[in-house]
Amino acid sequence: MTAQTPKPSPLPVPPGELRASHDDREAVVEQLRDAAADGRIDLEELDSRLEQALNSRTYAELAVLTADLPRVRSTEDLPPLVLKGGLYGASRGPGRWEVPGHVIAHGGLGGVKVDFTRVECRLTEVAVEAYGETAGVTLVIPEAWAADTSGMDPGIGGLKDRTTPDRLPGTPLIRLTGSGGMAGVVIRHPNRRERRKLDSDPTLD
């Protein structure tokens with residue numbers, strides 16, 4: 001019996017020639033729009049690049065459209081934000097700040113407050129570990145956001161969830177875990193005083 005000559009294996013496709021997905025094209029479209037908003041490209045060039053992006057079939061064709069633009073760091077790549085109350089307390093916000101995918105708050109002796117009300121967050125979920133310890137942790141989220149506190153251990157201090165389940169599409173879900181400790185953990189929407197500040201100066205940095 002004559003041995004058959006094995007067929008050569010197909011050569012791997014270069015990465016740039018791989019087919020792009022709808023999500024890949026949408027990501028480039030978003031980057032181009034951000035670049036136009038920052039004044040990096042004008043509206044005429046934006047229209048041209050958007051048309052090319054929507055008609056691109058491969059990664060290489062998409063890469064050309066953003067090659068001269070700075071790479072936007074994804075908030076998913078950010079290291080966890082760790083806040084420790086210590087003796088004097090700690091806080092983040094109000095104001096504009098980058099929200100990572102993971103936030104860890106230890107109330108310590110001084111307490112911790114994390115205010116998300118003025119942030120722009122494109123993540124679908126933010127994992128928050130809160131440990132009330134001696135002085136407690138307070139989390140303030142926009143009224144459009146929602147929270148899942150089912151993974152939280154209330155401890156001695158307890159958990160006070162004063163949020164509503166009315167989450168708007170495209171807004172993050174706060175997935176809360178940890179322990180209430182001695183002083184407890186509170187998660188809520190802005191109170192009356194905080195809402196007045198938001199209404200009077202919504203662009204506070």
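**Layout of the chain**

Along the sequence, the elements of this predicted model come in the order α-α-α-β-β-β-β-β-β-β-β-β-β-α. That pattern holds four helices and ten strands. The chain has 205 residues, and 37% of them are buried. Its accessible surface comes to about 12900 Å², with carbon and sulfur atoms contributing 52% of that area.

Helix α1 covers residues 22-37 and helix α2 residues 43-55; their axes come within 9 Å and cross at roughly 175°. How do α1 and α2 run relative to each other, roughly parallel or roughly antiparallel? An angle over 145 degrees counts as roughly antiparallel, and α1 and α2 are therefore roughly antiparallel to each other. On the α1 side the contact is made by Arg25, Glu26, Val28, Val29, Leu32, Arg33 and Ala36, and on the α2 side by Leu46, Arg49, Leu50, Ala53 and Leu54. By residue type, the contact of α1 with α2 has eight nonpolar and four charged residues, and no polar ones.

Helix α1 also meets helix α3, residues 59-66: the two axes come within 10 Å and cross at roughly 5°. Angles under 35 degrees count as roughly parallel, so α1 and α3 are roughly parallel to each other. Here α1 contributes Asp24, Arg25, Val28, Gln31 and Leu32, while α3 contributes Tyr59, Leu62, Leu65 and Thr66. The contact of α1 with α3 divides into five nonpolar, two polar and two charged residues.

Thr66 is a residue of helix α3. Leaving out residues up to four places away in sequence, Thr66 touches Val28, Gln31 and Leu32. Is Thr66 buried or exposed? Its relative accessibility is 14%, and Thr66 counts as buried because the cut-off for burial is under 20%.

Glu51 is found in helix α2. At 54% relative accessibility Glu51 counts as exposed, the cut-off being over 50%. From Glu51 to Val29 the C-alpha distance is 9.2 Å, and the two are 22 residues apart in sequence. Ser48 is likewise found in helix α2, but with 34% relative accessibility Ser48 counts as partly exposed. Ser48 and Leu65 lie 17 residues apart in sequence, with 9.8 Å between their C-alpha atoms.

The loop between α1 and α2 holds Arg40. Apart from neighbours within four places in sequence, Arg40 is in contact with Ala35, Leu69 and Pro70. The C-alpha atoms of Arg40 and Asp68 are 9.6 Å apart, for a sequence separation of 28 residues.

**Loops among the strands**

Two loops between strands have backbone features to inspect. Pro94 is found in the loop between β2 (90-92) and β3 (102-106). The peptide bond leading from Gly93 to Pro94 is cis, and its omega is near 0°. Further along, Glu133 is found in the loop between β5 (125-131) and β6 (137-140). Glu133 is not a glycine, yet it has a positive phi of about 55°. With a relative accessible area of 30%, Glu133 is partly exposed.

**His189, between β10 and α4**

The last stop is His189, in the loop between β10 (185-188) and α4 (192-200). Which residues does His189 touch, not counting residues up to four places away in sequence? They are Val140, Ile141, Pro142, Glu143, Trp145, Arg162, Thr163, Thr164 and Glu194. For Thr164 there is also a polar atom pair to look at: a polar atom of the His189 side chain lies 3.0 Å from the backbone nitrogen of Thr164.

Methods. Residues numbered from 1 in each chain as written. Predicted model: local features only at pLDDT ≥ 70, side-chain atom pairs only at ≥ 80, totals over all residues. Heavy atoms only, no water. Axes fitted to C-alpha atoms, helices over the stretch in contact; angles between N-to-C directions. Parallel < 35°, antiparallel > 145°, perpendicular 65-115°, else oblique. Contact = heavy atoms within 4.5 Å. Nonpolar A, V, L, I, M, F, W, Y, C, P; charged D, E, K, R; others polar. Polar contact = N/O pair within 3.5 Å; in protein donor to acceptor, adjacent residues only side chain to side chain. Buried < 20%, exposed > 50% of the residue type's maximum accessible area, 1.4 Å probe, protein only. Areas by Shrake-Rupley, 256 points an atom, 1.4 Å probe, with all protein chains shown as cover.
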